[in-house]
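Please look over the chain shown below before reading on. The text after it goes from the whole protein down to single residues.

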Amino acid sequence: MYKLLSHNDLDGVGCGILAKLAFGKQVKVRYNSIGSLDREVKWFLENDNKDTFLLITDLSVNEESEQKLDRFHREGGNVQLLDHHKTGLHFNEYEWGSVIVEDEEGRLTAATSLLYDYLLEHNLIEPSKAIAEFVELVRQYDTWEWERNDNQEAHRLNALFFLVTIEEFEEKMMDRLLSSDHFYFDDFEKKILDMEDNKIERYIRRKRRQLVQTKMDGKFSGIVYAEMYHSELGNELNKEYPHLDYIVILDIGAKRVGFRTIHDHTDVSEVAGKFGGGGHAKASGCSLTEDAYKQFVAETFNLEPLREDAKRNRYNLKETSFGSLYKNQMEDLFFLYPTNDSEWVIERNNIKLSQKFPTFVEGENFLKRNYTTWLARDETFVNYLKEKVKKG
Ligand SMILES: [Mn+2]
């Protein structure tokens with residue numbers, strides 16, 4: 001018999017699917033949150049048959065379990081831990097531990113891809129194209145490579161994972177991987193995934209108009225309240241407002257704060273660390289502590305949301321030799337234009353500011369960060385130019 005303890009996200013469940021394909025009825029699979037794994041390990045060591053082969057994937061155990069598992073192994077028990085998180089690298093000191101963050105070709109790994117390699121290596125699974133494709137989608141999703149490759153299939157696989165129960169997902173995927181030459185979504189799945197996409201799009205459009213801007217430790221961020229779709233939202237808001245260093249997502253009900261960035265110059269695990277949280281450079285989180293509440297909720301509650309740049313302009317466009325007009329809540333007008341020596345300068349209500357910028361983007365960032373401006377509509381632009389001509 002085999003027992004698999006795995007994570008309860010797509011990558012963890014990908015491992016469960018592979019294990020069931022390999023071992024059929026010979027494996028029992030349990031999915032865990034990070035917090036519940038050690039309880040399961042304890043239960044296994046105290047109650048399960050000593051001949052059962054224990055596989056742990058996509059998660060690491062705590063020190064106590066680590067020692068118990070090592071004793072179990074030294075006494076002849078079969079255990080294998082496979083993980084791809086940096087924080088688990090010390091398990092490589094054990095014969096039963098294998099933590100690989102990058103493969104030989106320098107690609108980031110996922111637990112599902114590591115388990116597939118492991119099963120192939122030990123001749124425990126029949127290799128197939130469909131399985132390899134599924135494993136690759138999971139890997140790209142889990143490592144965020146899908147973003148860079150714009151791999152929508154990987155993104156949709158994760159969306160489907162959340163739309164159905166884990167049992168349904170396992171069953172559907174196993175049927176498909178066993179019965180077809182390639183991985184695919186069926187018509188029903190495509191339909192519900194399209195509906196889900198539309199829903200997310202509408203949700204994000206609404207949230208785009210609720211973002212408030214704030215500054216902390218010299219970095220600019222946009223704050224939004226949201227209970228759902230944090231990755232998609234973080235991604236879209238970062239793209240819509242590139243002058244912000246990162247996006248703060250507040251889930252008041254869950255008392256959680258999420259931080260997301262798409263920029264290499266900002267590490268949001270540092271931001272979360274200030275409030276006792278942690279995570280990755282591009283995505284992190286912390287509890288809504290009193291400090292975090294003060295910083296992100298209380299102090300920003302009365303701010304007006306950022307306005308989006310005018311999108312249907314024909315005349316007032318960005319980065320033209322003619323200049324671009326911006327506006328803020330105080331009805332100040334800012335004109336950003338290039339000079340002859342190809343520097344960009346700004347006039348605020350017709351008075352030139354002392355700052356000069358080597359690029360349009362730097363000029364615009366300055367405007368948006370310091371004056372919370374947005375690109376004015378054509379109408380405002382035309383009136384502005386008329387006034388300018390009148391004044392000569
Ligand atoms: Mn993973």
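The paragraphs that follow take the overall layout first, then some helices, then a few residues in loops.

The model is a predicted one. Its C-alpha trace spans about 90 × 45 × 40 Å along the principal axes. The secondary structure comes to 14 helices and 16 strands. Of the 392 residues in the protein, 34% are buried. Contacts can also be sorted by how far apart the partners are in sequence. Taking the contacts between residues at least 6 apart, 56% join residues at least 24 apart.

The protein is divided into domain 1 (2-185), domain 2 (207-300) and domain 3 (324-391). Between the C-alpha centres of domain 2 and domain 3 there are 29 Å. For the end of the chain there is also a record: an unreviewed UniProt entry places the feature "domain: Oligoribonuclease NrnB C-terminal" at residues 323-391. That span is 38% helix and 35% strand, and its end C-alpha atoms lie 18 Å apart.

Is helix 1 mostly covered or mostly open? It is mostly covered, with 13 of its 14 residues buried. After helix 1 comes Gly24, whose phi is positive, near 55°.

Helix 14 (residues 378-391) also has 14 residues and reaches 20 Å from its first C-alpha to its last, close to the expected 20 Å. Its surroundings are another matter. The number of buried residues in helix 14 is 1 out of 14, so this helix lies largely in the open.

Helix 4 (residues 111-121) and helix 5 (residues 129-142) form a packed pair. Their axes are 8 Å apart, and the angle between them is about 145°. From helix 4, the residues Thr112, Ser113 and Tyr116 meet Val135, Val138 and Arg139 of helix 5. By type, the residues of this contact divide into 3 nonpolar, 2 polar and 1 charged. An α-helix has 3.6 residues a turn, so residues three or four places apart point the same way.

One residue of this contact can be followed further. Ser113 is found in helix 4. Why does Ser113 count as buried? Ser113 has 27 C-beta neighbours inside 10 Å, and a residue is buried if 20 or more other C-beta atoms lie within that distance. Leaving aside neighbours within four places in sequence, Ser113 is in contact with Val135 and Arg139. Glu102 is 11 residues from Ser113 along the chain, and the C-alpha atoms of the two are separated by 11 Å.

Helix 7 (residues 152-163) has 12 residues, which should span 16 Å at 1.5 Å a residue; the end C-alpha atoms are 16 Å apart, so the two values agree. Which residues of helix 7 are buried? They include Ala154, Arg156, Leu157, Ala159, Leu160 and Phe161. Among the elements that cover the buried residues of helix 7 are helix 1, helix 5, helix 6 (145-149), helix 8 (166-179) and helix 9 (187-208).

The last part concerns residues in loops. Most residues other than glycine have a negative phi, and most peptide bonds are trans. Asp150 has a positive phi, near 50°, although it is a residue other than glycine. Asp150 sits in the loop between helix 6 and helix 7. It counts as exposed because it has 8 C-beta neighbours inside 10 Å.

Tyr229 also has a positive phi in a residue other than glycine, here near 55°. Its place is in the loop between strand 7 (219-225) and helix 10 (230-240). Tyr229 has 19 other C-beta atoms within 10 Å, so it is partly exposed.

His265 lies in the loop between strand 9 (256-260) and helix 11 (268-274). Why does His265 count as exposed? The count is 7 C-beta neighbours inside 10 Å, and a residue is exposed if the number is 12 or fewer. Tyr246 is 19 residues from His265 along the chain, and their C-alpha atoms are separated by 10 Å.

Conventions:
Residues numbered from 1 in each chain as written. Predicted model: local features only at pLDDT ≥ 70, side-chain atom pairs only at ≥ 80, totals over all residues. Axes fitted to C-alpha atoms, helices over the stretch in contact; angles between N-to-C directions. Helix = DSSP H or I, 4+ residues; strand = E, 2+ residues; numbered from the N terminus. Contact = placed C-beta atoms within 7 Å. Nonpolar A, V, L, I, M, F, W, Y, C, P; charged D, E, K, R; others polar. Expected span 1.5 Å × (residues − 1). UniProt positions renumbered as here; feature names shortened; annotations may be inferred. Domains from an automatic or database assignment.
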